[in-house]
Amino acid sequence: MTARPLPALEEHRPETGLERYRWPLLFLGLIAVYLLFRHAWPAWATIPPEAWTERLPLPYFVFGEGFLPSLTFPGSNIADWFNAIVTFLREHEIFGLFVFKDFTRWLGGLTVYPLDFAEALVISGFPHRSIKIPFEIPAVPWVAAVGLAAILGYYAAGWRIALLAGGSLAYFALFNLWKPAMTTLSLVLVAAPIAAGIGLGLGILALKYRWLEKALWPILNLMQALPHFGYLIPVVVFVGLAHRSGAIATILFAVPVMAKVTMVALRSVPQEVMEAGVMAGCTPRQMLWSVRIPAARHTLMVGINQVIMLCLAMQVISSFIGARGLGIDLLFRLQNLQLGRALEIGIAIVLMAITLDRLSQALAEKEPEHRPEGPFWVVHPYLTAAGVVFLVGGLLAAFLPEAARLPRAMTISVGRSIDPVIKDVVAALYDPLSFIRDTLPAYVLVPLRDFFKAIPWTVFMALLALAGWRLGGWRMAAVVTLYVVFIVLSSWWTEFMVTTFLVFSAVVICVLFGFPLAVWASRRDSTTRAIAFLCDTFQTFPSFIYLIPCVMLFQVGTVSQLLAIVLYSAIPVVRYTVLGLRGVPQHIIEGAITSGCTPAQILWKVRMPIAVPEIMLGLNQTIMFGLFMVMIAGFIGGNNDLAREIFKAKAQNDAGLALLLALNVAFLGLATDRLIQAWAAERKKQLGLD
Amino acid sequence: MPEPTISCRNVWKLFGDEPEAFLSRHGGDPDNRAIDDGGYIAAVRAATLDVQAGEILVVMGLSGSGKSTLVRCLSRLIEPTGGEIFFEGLDLLKATPKELIELRRHKMGMVFQNFALLPHRTVMQNVAFPLEVQGIDRQSREAKAQEMIELVGLNGRESYYPRELSGGQQQRVGIARSLAVGPDVWFLDEPFSALDPLIRREMQNEFLRLQNMLHKTIVFITHDFDEAIRLADRIAIMKDGVIVQIGTAEELVVNPATDYVRDFTRDVAKGKLLTVARVMAAPLNEANGGLTIKASESVADVAARVIGHEGPVAVVDEAGRAVGSLSRDQVVDVLFAREA
């Protein structure tokens, strides 16, 4: 490489004051212009007029006759447009061959066999629904399942995980949650491999065809930004309201992350390892299966871990569309305010989440070791132990029915008995919390919400476009503007701004509490470890779990919704801040110490400036989490926001509307994501951290 | 001279937009200015060299000199932009992907700087890997791999995984793997650079021991001139993509082609490198005492005798005929690198 000449010196002349502040000045100027002329601001530029959103000059496909659609321009909104496509897909034959809906139902039907098989294995035994066999095989006895889980845990990472895995299964059995818990688990264990397989396949194809990767990337980004209901309701329309729909939605929801991880993992195999494969004389196929995929296995396993966690979160929420399992029990108890039992189910979900997360992580990190030589039980101690446990459990169950399935009388559900206790606690807290429940909305939230509702779409768009221009030139400005144009034309502007207000408020609260906590925690090794552990653990909880304490403390309403969003989305900002502050290279810290910095100076003058890009990425995640949670927390909220509309759309099976509302949320997320990522990337480059 | 095993003619590797078109626009020989103006980076420029059967050719250069790119052109891991490469008489750049796979499965072996072992495979499975991809059955490939493992002295570690081994041991696995198919040509890309100095020394000896048994045709890449001197039959020095000079270590020291080569060779311990024949003066008219030294001995080996002797010493060839003389001053010049 020839050395590039240094840039000419005049390029580095110091900026004058005006140049330095031109962007802040532009932003303030824009706001000033609006404030000066706000009385003269035309109505159409404030809230998109109905004439725009209800009589859209969009090409409206009429699929009445034949295959070729004719283009017409009747009065319609985007939701109608989506629904026209949905109706077409539901009712018309594609290429005269099959009806799309039948095709999707058939696909959904395919998942029934593995689902039934898994359920038969752990719950009912064979024969089971779709699996007919002439003789009976009982399900795996719960005592054997507990033992097998513990052995798997011990094999993966020692006795702690063994205790966690075995203990979780024992909890399900003892608290009479065996059936719903195993239903949830079997759906996750069926959906996760399918999602991972599809994602891996997409990733491999994208590696082969560059154009596919280019086309796939924005689609995957959009899918990842789409809130859960954006999947659930269309799936209901195409597959139906059933357990298997939950499986399909869960698979769809988890595919994008695996596809993305696969693309990144396969491309980041060290060049030398690839060359070693080529020099060994590998064919392209051997390169992929014998070199690339095995060499990338650690990153791929991280993807599988994420797939499993997304599957669990989605399966819990799929209870809204008829998926059986822990989620639907929890939904039912929450609706009936049986908070004691809800708490028990919540703990079961949390235990399952932590177990699945730690177990899959430990298996991912497990390095192969050379085996000792000797007889079978020395070479394969875990397999031998599993066989023994299986046999003993089976024998035990044959003579002792309680070992096969714990009878109800022997389970120890305390839900009913702690219900009064919870009621007492809630009652005791009612008055102390009234300040937050009543004062906060009256003096802060309602005025802030009205402020957001008053922001004209033109100003909102201009601010985002200006930010886009600053960070990514006219291209990013154009993309961000297009996102807002779509939202403007969706006819849900006011609801959109209420959602924006909720997420904004939640993010502000997250930062107000999370940031100081993170800074405090980052000062000592022990607190850093503790906070990192808590973040890792809380992050595995399915979002739905966070509704339980909110309903307990604040019943239903804005404060409850806001608290749920805050609880769920505070994790990234805390986590990234701690890791960012701690991740400053040691030699830089040593340089600061030898320069004579006090600990406070090291924090504020050295660690903080270097950590800021990382912290911003955490903030970005917090916003994305907030946008997901604002929709789910709509279940316990009371605002006229997008969440309420999507629950209405769900009640009416209006897939087009649900998709439109979900896209509104997704586009807001994508816009902020692009802006913040661009800023952080630029800043990291300036600091030489990339 | 016999047909060289590898013959590389005017090979170019340019990075940039449509480099082939750029190269042919400039008649296959663009100058530095055109390359800079076009925004291209020339990793290898007009490289021409021959590798003879059984010789160790060391390509020496600092990082960014293009030496790694050159060896990847020779093995066609990288597609050269222009030029010709003949491998045992075969036009390598015209070989089809299928032919290349066959060639690599039987004729080439390569060792990498960071070992490039497959982390999910044991030592045995790594060494057997090139045989496995050929579809050789398990028993014969493991027998062959076992032979290679014993050759590099790793017996007993067959079932270990790479991360359970030290760096030196890992590179032994890399060497065993590259030799498993019994290649004619052995490419080594800075194989010992990632190892610490003591281990490096040990591995160099190991390498020489193997070559004494195997007599491969070797292209060895290094940035370490001392390593080059220890191992090379001939050394090619590269700078900015250009092969500046090719020759034996002695030739480089005595007749450096450019200041760059001279800078490199300045601090070399010349006494061990130079033979008496290289530095001796004209034969003496009359014998000076009974002492004679052989022309083929290294200066360092004769130094003590010459310095302890009064006046110049007669130099004789293998047959005992007087061919020159060596004085105390000449020895001191060589040993202490005094410019003549």
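Two strands count as paired if DSSP finds at least two bridges between them. Keep that in mind for the first view, and note that everything shown in these figures comes from a predicted model.

**Figure 1. Strand 3 of chain B pairs with strand 9 and strand 8 of chain B.** Between strand 3 and strand 9 (residues 234-239) of chain B there are 4 bridges, in the parallel sense. Strand 3 of chain B is also joined to strand 8 (residues 217-222) of chain B, again running parallel, through 5 bridges.

**Figure 2. The side chains of strand 3 of chain B, and how they are covered.** In a regular strand, side chains alternate between the two faces of the sheet. Here B:Ile56, B:Val58 and B:Met60 point one way, while B:Leu57 and B:Val59 point the other way. Is this strand, residues 56-60 of chain B, buried or exposed? It is mostly covered, with 5 of its 5 residues buried.

**Figure 3. Helix 14 of chain B packs on helix 15 of chain B.** The two helices, spanning residues 299-307 and residues 328-335, meet at an angle of about 140°, and their axes lie 10 Å apart. That angle makes helix 14 of chain B oblique to helix 15 of chain B, since only angles over 145 degrees would count as roughly antiparallel. Their crossing is left-handed. To find the contact, look for B:Val299, B:Ala303, B:Val306 and B:Ile307 on helix 14 of chain B, and for B:Arg328, B:Val331, B:Val334 and B:Leu335 on helix 15 of chain B. Sorted by class, this contact has 7 nonpolar residues, no polar residues and 1 charged residue.

**Figure 4. Helix 6 of chain A crosses helix 9 of chain A.** Helix 6 (residues 112-124) and helix 9 (residues 178-208) of chain A pack at an angle of about 140°, with 9 Å between their axes. These two helices are therefore oblique to each other. What is the handedness of the crossing of helix 6 and helix 9 of chain A? The crossing is right-handed. Helix 6 of chain A brings A:Pro114, A:Leu115, A:Ala118, A:Glu119, A:Val122 and A:Ile123 to the contact. From helix 9 of chain A come A:Lys179, A:Met182, A:Thr183, A:Ser186, A:Leu187, A:Leu189 and A:Val190. By class, the contact has 9 nonpolar, 2 polar and 2 charged residues.

**Figure 5. A:Asn639 sits in a loop of chain A.** This loop lies between helix 28 (599-632) and helix 29 (642-651) of chain A. Why does A:Asn639 count as buried? It has 21 C-beta neighbours inside 10 Å, and the cut-off for a buried residue is 20 or more. Leaving aside neighbours within four places in sequence, A:Asn639 is in contact with A:Val498, A:Leu502, A:Thr558, A:Gln561 and A:Arg644.

**Figure 6. Chain A touches chain B.** The contact draws 23 residues from chain A and 27 residues from chain B. On the side of chain A, the elements that give two or more residues are helix 13 (271-279) and helix 14 (284-295) of chain A. Helix 13 of chain A supplies the largest share, 6 residues. By class, this side of chain A has 11 nonpolar, 6 polar and 6 charged residues.

Definitions and conventions: Residues are numbered from 1 along each chain as its sequence is written. Chains are lettered from A and ligands numbered from 1 in the order in which they are written. This is a predicted model: local features need pLDDT of at least 70, side-chain atom pairs count only at pLDDT 80 or more; totals for chains, interfaces and linings use all residues. Two residues are in contact if their C-beta atoms, placed from the backbone, lie within 7 Å. Ala, Val, Leu, Ile, Met, Phe, Trp, Tyr, Cys and Pro count as nonpolar, Asp, Glu, Lys and Arg as charged, and the others, Gly among them, as polar. A residue is buried if 20 or more other C-beta atoms lie within 10 Å of its own, exposed if 12 or fewer, and partly exposed in between; C-beta atoms are placed from the backbone. Axes are lines fitted to C-alpha atoms, for helices over the stretch in contact, and angles run from 0 to 180 degrees between N-to-C directions. Angles under 35 degrees count as roughly parallel, over 145 as roughly antiparallel, 65 to 115 as roughly perpendicular and the rest as oblique. A crossing is left-handed if the near helix is turned anticlockwise from the far one by less than a right angle, and right-handed if clockwise.
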